[in-house]
Amino acid sequence: MSPPEGENPSHRDDPPQRERRTPENPERLYILTGEDTERAPLDLVTLIVAHGEAPPTAEPEHADVLRLCGAPLSVAEISAYLALPFSVVTILLTKMLGADLVQARAPIVRSTLPDRSLLEAVMHGLQKL
Amino acid sequence: MDFKSSDTITGPSQEEALPHTATAAVKIVIVGGFGVGKTTMVGSVSEIRPLTTEETMTQAGIGVDDNYGSESKTATTVAMDFGRISLSEELVLYLFGTPGQERFWFLWNGLFEGALGAVVLIDTRRLEVSFDVIGRLEERGVPFVVAVNDFPDAPHHSMDTLRRALDLDEVVPMVKCDARQRASSRDTLLTLMRYLHSLTVARV
């Protein structure tokens, strides 16, 4: 299948050409939410921190989250460790935020005018890798 | 899937725990076709063993795909591998790799909307698998760079040829990278950050 290595690259076939997309009908896909629950605006990378130890009365799922979130942990990580879909975790966390069991630290999202000092902080951090 | 009891849930190890001073996170999405090296790139720079999060979506059975009536619905689970880099005591970067069908990634609420930007990883053996995602990023106004993952047996095309084939805007940076190498993956991310920085300068 693949052409021989290292010879006359110019003689090989040109790569396929991308055509610009034509807008199509919006796809009819939905997130499964189960019941229509109100949810806190949680991002995959919102950091969640437990306010304290799980009270003895805590539901098992809540106790698991509290144990995981002794140190800050993103919603994505909570979803991974609990092996639960993201939307299910957000429902769980909305309840816990309402009960003041956890605190949420909102992520910095890209705004229309990105913050240069933020970008510089990211670059500085990456350069240390 | 049974609910995991508390005893079986393993959280992050001591070394993997973020400091309490971590106040905010940012994210970058790595996109590309199947087998192009997205998870490899996430793994090569992540400070944690890459993890997987998932979302379940339902697709209403309408349109050209559907031959069986309009009421059918299929559930699709979309999984996403991700890693993490602590940039400072306060700031954390998450990298999301997106396997599977690209049309589902864009329905994952907030995945691209909040992201700083995206890296489109391409394999010159199968350039066409990236076409759709590039179009969708353009439509959504998500800034991105294109990284050509260097596979040894891949056909060689010049960057100019690839740029033309991908019909990229002139300003979009293109880099070569070896997703297995930490330094190379880091440099790709830095290229994206410099590009984002240049966009802010241009707008001032």
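In chain A, 67% of the contacts with a separation of 6 or more are between residues 24 or more positions apart; two residues are in contact if their C-beta atoms, placed from the backbone, lie within 7 Å. This is a predicted model, in which local features need pLDDT of at least 70 and side-chain atom pairs count only at pLDDT 80 or more, while totals for chains, interfaces and linings use all residues. Residues are numbered from 1 along each chain as its sequence is written, and chains are lettered from A and ligands numbered from 1 in the order in which they are written.

The secondary structure of chain A consists of 4 helices and 4 strands, and along the sequence the pattern is β-β-α-β-α-α-β-α. Helices (H or I, at least four residues) and strands (E, at least two) are DSSP runs, numbered from the N terminus. Of the 129 residues in chain A, 33% count as buried. A residue is buried if 20 or more other C-beta atoms lie within 10 Å of its own, exposed if 12 or fewer, and partly exposed in between, with C-beta atoms placed from the backbone.

Strands of a sheet pair through backbone hydrogen bonds, either parallel or antiparallel. Chain A has an open sheet of 3 strands in the order E3-E2-E4, with antiparallel pairing. Strand E3 (73-74) and strand E4 (102-105) of chain A stand at the edges with a single partner strand each, so one side of each has no neighbour in the sheet. Two strands pair if DSSP finds at least two bridges between them; strand E2 (residues 47-50) of chain A and E3(A) are joined in the antiparallel sense over 2 bridges. Within this pair, A:Ile48 stands opposite A:Leu73 of E3(A).

Next comes the meeting of the two chains. In all, 71 residues of chain B are in contact with 56 residues of chain A. On the side of chain B that touches chain A, E2(B) gives the most, with 10 residues. The residues of that side divide into 36 nonpolar, 22 polar and 13 charged. Here Ala, Val, Leu, Ile, Met, Phe, Trp, Tyr, Cys and Pro count as nonpolar, Asp, Glu, Lys and Arg as charged, and the others, Gly among them, as polar.

B:Thr76 lies in strand E3 of chain B and is partly exposed, because 16 other C-beta atoms are within 10 Å. Leaving aside neighbours within four places in sequence, B:Val119 is in contact with residues including B:Ile28, B:Ile30 and B:Phe144.
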